[in-house]
Amino acid sequence: KVHHPMAEGLHVFSEILRVISIICCLLVVVANVLFIIFTIPYWQNDFYAVVGKLSDLVVRIFIIILCIVLILVELNLKFAQGRFGILYGFFGRGFLELFLGCLTLSSLVGANAIGRDWLSVIVIIAGYLMIVIGVTYMIISCCCAEKVKLRREKGAPAENKA
């Protein structure tokens with residue numbers, strides 16, 4: 001049996017994407033927890049301001065939950081395989097990554113008033129990286145996902161049948 005060099009290269013590339021994705025998700029989770037902690041003291045007694053902060057809080061909680069789900073999927077945990085099956089395809093995972101990247105960047109609108117520029121820079125970098133990874137996963141799903149998927153599942157190189 002002959003190993004296909006393209007499949008080997010794609011496997012290495014997808015593993016690099018996986019590691020970067022996990023790191024970005026961890027950064028986004030930590031940043032959103034810190035944003036929540038930092039914004040609670042700024043809540044005002046004005047009803048409309050509180051409602052605005054509550055909606056921001058809900059969005060941040062969703063971002064945190066979805067990032068944790070994505071981390072579980074990227075780590076290939078058996079627990080996640082049965083519950084989040086659509087995310088085990090490259091297109092589904094890429095779509096969620098793209099969505100989370102956009103949601104993360106849009107959540108900065110409420111955060112800029114806090115004055116934590118260093119945290120905003122980390123979130124911007126992580127958000128854009130998540131968008132790039134999401135688009136890349138979606139492209140991989142359209143081009144050559146089968147070889148990479150087989151390689152990931154079996155832990156062995158995808159092979160050409162001679």
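This is a predicted model: local features need pLDDT of at least 70, side-chain atom pairs count only at pLDDT 80 or more; totals for chains, interfaces and linings use all residues.

Me: What does the secondary structure of the chain come to?

Reply: Seven helices and two strands. From the N terminus, the order is β-α-α-α-α-α-α-α-β. Helices (H or I, at least four residues) and strands (E, at least two) are DSSP runs, numbered from the N terminus.

Me: How many salt bridges?

Reply: The count is three. The rule: a side-chain nitrogen of Lys or Arg within 4 Å of a carboxyl oxygen of Asp or Glu.

Me: Where do Arg-93 and Glu-74 lie?

Reply: Their side chains meet in a salt bridge (3.2 Å, N to O). Arg-93 lies in helix H4 (residues 90-106) and Glu-74 in helix H2, so the pair ties together parts 19 residues apart in sequence.

Me: Is Arg-93 buried or exposed?

Reply: Buried, at 2% relative accessible area. Glu-74 is buried too, at 1%. Buried means under 20%, exposed over 50%, partly exposed in between (1.4 Å probe, protein chains only).

Me: And what about Glu-15 and Arg-18?

Reply: They form a salt bridge at 2.9 Å, N to O. Both lie in helix H1 (residues 5-39), three residues apart, about one turn. Glu-15 is partly exposed at 22%; Arg-18 is buried at 17%.

Conventions: Residues are numbered from 1 along each chain as its sequence is written. Side-chain values use heavy atoms; hydrogens and water are left out.
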